[in-house]
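Here is a chain to go through by question and answer. Each reply sets a value beside the cut-off that gives it its label.

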Amino acid sequence: KTFNNQYPEIEVVRNKLFQKICSKSSKVLSMELKPNTRILMPENNYLVELLLEPYTRKYGVELVYSGEHDLAVNPVILDDEVNGIFEGIFKGEGLNYNLDENEIYPLINVSLDWINSFLEMDGQKLIESQNKSELANAFSEFLDDVAPQYRENVLSAAAFIDKKQKH
């Protein structure tokens, strides 16, 4: 109400799906971002731009598109990361979970369905899954029907195992 009184010409739009995406994303960003961090942004990623913009005001984060930076954004999404883990297991390569400490992953906890639903509502171009493994994709579709929360659990388990292997 205060905002509307001071800025009546600006329309305030609330979107519950975007709030959920921000909540999932903030779990990663709040742990990784420090004040005045220079972040290398990916090309043409509308959602990452929206997610990181508030941190420019809150923490003085600087978004850069080339040159020197402290961290780089890796726009990998939850579905692709989980399917990549499955693909490594199915190929006999073991756990394929290697997050780079010089990168941040604002979308790693956000599903492709949520992202595309939001982008569609906002009139933006939809994104496609980057994982092309038919077996991993089929297994994920099977798990969608059996255990809808499996993605978050697979990611948590992979992070736990990766941490234990490094120590």
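Q: In what order do the elements of the protein chain run from the N terminus on?
A: The order is α-α-β-α-β-β-α-β-α-α-α, which comprises 7 helices and 4 strands. Helices (H or I, at least four residues) and strands (E, at least two) are DSSP runs, numbered from the N terminus. This is a predicted model, in which local features need pLDDT of at least 70 and side-chain atom pairs count only at pLDDT 80 or more, while totals for chains, interfaces and linings use all residues. Residues are numbered from 1 along each chain as its sequence is written, and side-chain values use heavy atoms, with hydrogens and water left out.

Q: What makes Glu43 count as exposed?
A: Its relative accessibility is 62%, and exposed means over 50% relative accessible area, buried under 20%, and partly exposed in between (1.4 Å probe, protein chains only). Glu43 therefore counts as exposed. Its place is in the loop between strand 1 (38-40) and helix 3. The C-alpha atom of Glu43 is 7.6 Å from that of Tyr65, 22 residues apart along the chain.

Q: Why is Gly84 called buried?
A: Gly84 has a relative accessible area of 13%, so it is buried. This glycine sits in helix 4. Apart from neighbours within four places in sequence, Gly84 is in contact (heavy atoms within 4.5 Å) with Asn96 and Asn131. Over the chain, buried residues make up 37% of the 167 residues.

Q: Why are helix 4 and helix 6 called oblique to each other?
A: Two packed helices are described by the angle between their axes and the distance between the axes. Here the axes of helix 4 (residues 78-90) and helix 6 (residues 134-146) come within 9 Å and cross at roughly 120°. Axes are lines fitted to C-alpha atoms, for helices over the stretch in contact, with angles from 0 to 180 degrees between N-to-C directions. Angles under 35 degrees count as roughly parallel, over 145 as roughly antiparallel, 65 to 115 as roughly perpendicular and the rest as oblique. Helix 4 and helix 6 are therefore oblique to each other. On the helix 4 side the contact is made by Asn83, Phe86, Glu87 and Phe90, and helix 6 contributes residues including Leu135, Phe139 and Leu143. The contact divides into 6 nonpolar, 3 polar and 1 charged. Ala, Val, Leu, Ile, Met, Phe, Trp, Tyr, Cys and Pro count as nonpolar, Asp, Glu, Lys and Arg as charged, and the others, Gly among them, as polar.

Q: What angle do helix 4 and helix 7 make, and why are they oblique?
A: The axes of helix 4 and helix 7 (residues 150-166) come within 10 Å and cross at roughly 60°, and the two helices are therefore oblique to each other. The contact involves residues including Val82 and Ile85 of helix 4 and Val154 and Leu155 of helix 7. By class, this contact has 8 nonpolar, no polar and 4 charged residues.

Q: How do you know that the buried residues of helix 5 line one face?
A: The buried residues of helix 5 (residues 112-121) are Leu112, Ile115, Asn116, Phe118 and Leu119. Seen down the axis, they fall within an arc of 160° (taken over the directions from the helix axis to the C-beta atoms), so they line one face of the helix. The face turned away carries the exposed residues Asp113, Glu120 and Met121. Helix 2 (16-32), helix 3 (46-58) and helix 4 are included in what covers the buried residues.
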